[in-house]
Amino acid sequence: MTAASERRMELVCPAGTPATLRAAADAGADAIYCGFADETNARNFPGLNFSPEELSVSVAYAHERGAKVLVAINTFAQAGNTGLWKQAVDNAAACGADAIIAADIAVLDHAADKHPDVRLHLSVQAAANTPEAIGFYTETFGVRRVVLPRVFSVPEIAALNREIDVETEVFVFGGLCVMTEGRCSLSSYATGKSPNLTGVCSPPDHVDYAEDRAGRMKARLGGFTIDCFERGEPAGYPTLCKGRFSALGHTGYLFEDPVSLNAFELLEELAKAGVTALKIEGRQRGKAYIASVVSAFRKAVDGLSGGADASASIAALKALSEGGQQTTGSYRKTWR
Amino acid sequence: MTDTSPIELALGPCLFNWPAERLLDFYRRIAEDAPVDRVYLGEVVCGKRMPFNDPVWPEAIDVLTRAGKEVVLSTLAQPVNKRERNILVQQAAYDMAIEINDMSMVPACSGRTFTAGPFLNIYNEASLGFLSARGAVSWCPPAELPLASIQKIAALVPEVDVELFAFGRLPLALSSRCYHARAHGLRKDSCQFVCDKDPDGMDVATLDGARFLAANGIQTLSDACHFAGLASGQLRAAGIKRLRLSPHSLDMTGVLKAFRAFLDGAIDAGGLEARLTEMDLPGPLCNAYLTGDPGWKKIALPA
Amino acid sequence: METFLTLLTRRLVARRPDLLRRLGTVVHVPIAIVPEDLPHAFLLSLDAIDSRVTLCGKDEIGDAQAVIRAPLLVLLGLLDGTYDGDAMFFSRDLRIEGKTEYVLALRNTLEEADLTPGEFLGLGAPAAGWINDIGSRVLAQARCLASAGAERRDKLSGRHS
């Protein structure tokens, strides 16, 4: 048995509401990440997220079940209004958060300066791609863990882990950004709102679905047609990078098919590559998704150290995936 | 005391895969005749293009410097492998002005000055102030950042020169995948450099046939051509010192001349727009990022 | 029926003021919920004191800012958290029209409401547990029957999943 497989990888799970946080904790999450109900987090959708009071109660619930709570304050603070982001950091610390996930220098600086005892994780939105960039964040702000951009193959992750001296966390399941996170303003081009500016991609107030009599559904964002689904054809969110467009006289998924990440089959390789934590995407999803995905991956991670086989539980997750399709994303070299 | 020094003009780095002769010819013409104060050059988008355009830079730098232009080496926005990382470290050691477009370069730039490029996520005064303390002397904000935010930051970090992205298709996204290769049924690793077929990017339309985006290798740009029709007084009031015009295949010298005439008050905003519209623009004009609206729109800016 | 649902909704809102905060701008906004296999639709309007559930014809939902359409069992499964709203949307079992942000706010609020039948009826612990058990058994059975029916229909129409 290698050293890597002896160390159990941490399962980091999403929660958009206190109820989904409880569902994640009950399903066996090692850590749960969530955010405040404002522009400070990158899932700033209506009806989602936590008030400081809700976070406090939720942290207590998670801690009782042995799960940590990581608070995502991972958007870029607004010019002249950085106070809101600093307050979010202070609130997270006061609520007993085990770590703060941040991308913006302003937020990292404040957290490192005012709350040196709270762990700092570097959000995927920071797009730290190289040992040099990661080194900059760890040395300057004392970042303890880096959430890796979804651009690496498994051998590249292994090579990176040999060059850096900080924990790494990788996405293993859920919605997939095709563009490099934190470096995409396609959404604001169509709608005026984007992840970096306002914490939303493809904001729902600019989304419009129209179904004709034949059952064809047109999905539009900011007035631009992003995709069109025939009757009964699996649909996806009208996210720009997963839309159908035409170029060079052909029509198709120019950037990426509406698929969702599932790296279950790569878990052992990721452990060998030195990955510390596995992340599930989906703070905007419901309890049913959280409960199924978290328990399936709980089984899968335990399976690596001699637990029961998780393949059947993982296979059942396909029905929850966007477009009903799954991919191993950049982890396999097929993306090149 | 009110600053009345003229707003400067800069030519941004060429984002597209132009053949070496075309690039060199382009910079020769800029050196000869264009009213531009500063020229950024170097490969920003794709490290695979470097072996082809690297031979161009020494001569281009020489020609531009002799013409009195301030030359700045712009660097890769998304270094992905050891070779590219090594190049960034070498570039940081050059004895010339540089622009950084990825945080990877901050450690290598310790002890020297640099321009913070538009690919860095600098959205507020605290992050610009932080980079300023580490050597940033000039800053080109991300294209989506509204003018009101830029103005606030400029006022709070006056020691850094602010340069506004003012002309060209908007750089919107980077990816680890190459969309030119994908559209041509090729893999990124054996892309045959097909991005050279589209000197202004590959047009991408919606299912309804509406023009929308432009692909440029791993980069996605807007279809529409952004322009900032803000007069010198407005720019100075917003704390902006320089405008950045992004190279396209049309007559860039003509574009620079039109902006110079506008900034000098020889033509008004309507005149600038009319002159640009007469040219072979890569897409329809847009400007709404300036007001925090959807970037593709064109709206009336306050005069 | 209308009076009963309205009463239960008002009680729930009174008991859980956090839900209205979560709803945000959807307060007062009429949303139509259309069970595709029933002859009627529901018009839902939520508010601190004056929440309302109105039963109406499917052609009388003109005032609604958003419309949610799905088979009744899917709607009930979304209400109690058995189904995931996004997954139902991906599979086209759930269709939405109008203001997507209102649908999303309502969906996320319902997720937080933890609407078991017992919670909705506002029952105390033992009674709620009893009602929930019966409710979930009945619903599970109905889902089984419905999915068997759907499979038969798919076979007949030659559709494979």
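This is a predicted model: local features need pLDDT of at least 70, side-chain atom pairs count only at pLDDT 80 or more; totals for chains, interfaces and linings use all residues.
Followed along the sequence, the elements of chain C come in the pattern α-α-β-β-β-β-α-α-β-α-α-α. Chain C has 161 residues, of which 35% count as buried. Among the contacts in chain C with a separation of 6 or more, 60% are made by residues 24 or more positions apart.

### The sheet in chain A

### Core and helix packing

The largest nonpolar core has 264 residues, and those that touch the most other members are A:A24, A:I32, A:I73, A:I100 and A:F297. Leaving aside neighbours within four places in sequence, A:A24 is in contact with A:C13, A:A15, A:A29, A:I32, A:I290 and A:V294. A:A24 also takes part in a helix pairing, in which A:A19, A:T20, A:A23 and A:A24 of helix 2 of chain A meet A:K287, A:I290, A:A291 and A:V294 of helix 11 of chain A. Helix 2 of chain A passes helix 11 of chain A in a right-handed crossing, and the angle of about 20 degrees is under 35 degrees, so the two helices count as roughly parallel to each other.

Helix 5 of chain A (residues 105–114) has a buried set made up of A:I105, A:A106, A:V107, A:L108, A:H110 and A:A111. Within chain A, the buried residues of this helix pack against strand 3 (68–73), helix 4 (82–94), strand 4 (99–102), strand 5 (119–122) and helix 6 (131–141), and they also pack against helix 5 (125–133) of chain B. In the pairing with chain B, A:I105, A:A106 and A:D109 meet B:A126, B:S127 and B:F130. The axes of helix 5 of chain A and helix 5 of chain B cross at roughly 80 degrees, which lies in the range from 65 to 115 degrees, and the helices are therefore roughly perpendicular to each other.

| Helix pair | Axis distance | Angle |
|---|---|---|
| Helix 2 of chain A and helix 11 of chain A | 8 Å apart | about 20 degrees |
| Helix 5 of chain A and helix 5 of chain B | within 7 Å | roughly 80 degrees |

### Contacts between chains

The contact between chains A and C takes 29 residues from chain A and 28 residues from chain C. On the side of chain A that touches chain C, the elements that give two or more residues are helix 2, strand 9 and helix 11 of chain A. Strand 9 of chain A gives the most to this side, with four residues.

The contact between chains B and A takes 52 residues from chain B and 49 residues from chain A. On the side of chain B that touches chain A, the elements that give two or more residues include helix 5, helix 6 (147–156), strand 7 (161–175) and helix 7 (179–183) of chain B. Strand 7 of chain B gives the most to this side, with five residues.

Note on methods:
Residues are numbered from 1 along each chain as its sequence is written. Chains are lettered from A and ligands numbered from 1 in the order in which they are written. A residue is buried if 20 or more other C-beta atoms lie within 10 Å of its own, exposed if 12 or fewer, and partly exposed in between; C-beta atoms are placed from the backbone. Two residues are in contact if their C-beta atoms, placed from the backbone, lie within 7 Å. A nonpolar core is a set of buried Ala, Val, Leu, Ile, Met, Phe, Trp, Tyr and Cys residues joined through C-beta atoms within 7 Å. Axes are lines fitted to C-alpha atoms, for helices over the stretch in contact, and angles run from 0 to 180 degrees between N-to-C directions. Angles under 35 degrees count as roughly parallel, over 145 as roughly antiparallel, 65 to 115 as roughly perpendicular and the rest as oblique. A crossing is left-handed if the near helix is turned anticlockwise from the far one by less than a right angle, and right-handed if clockwise.
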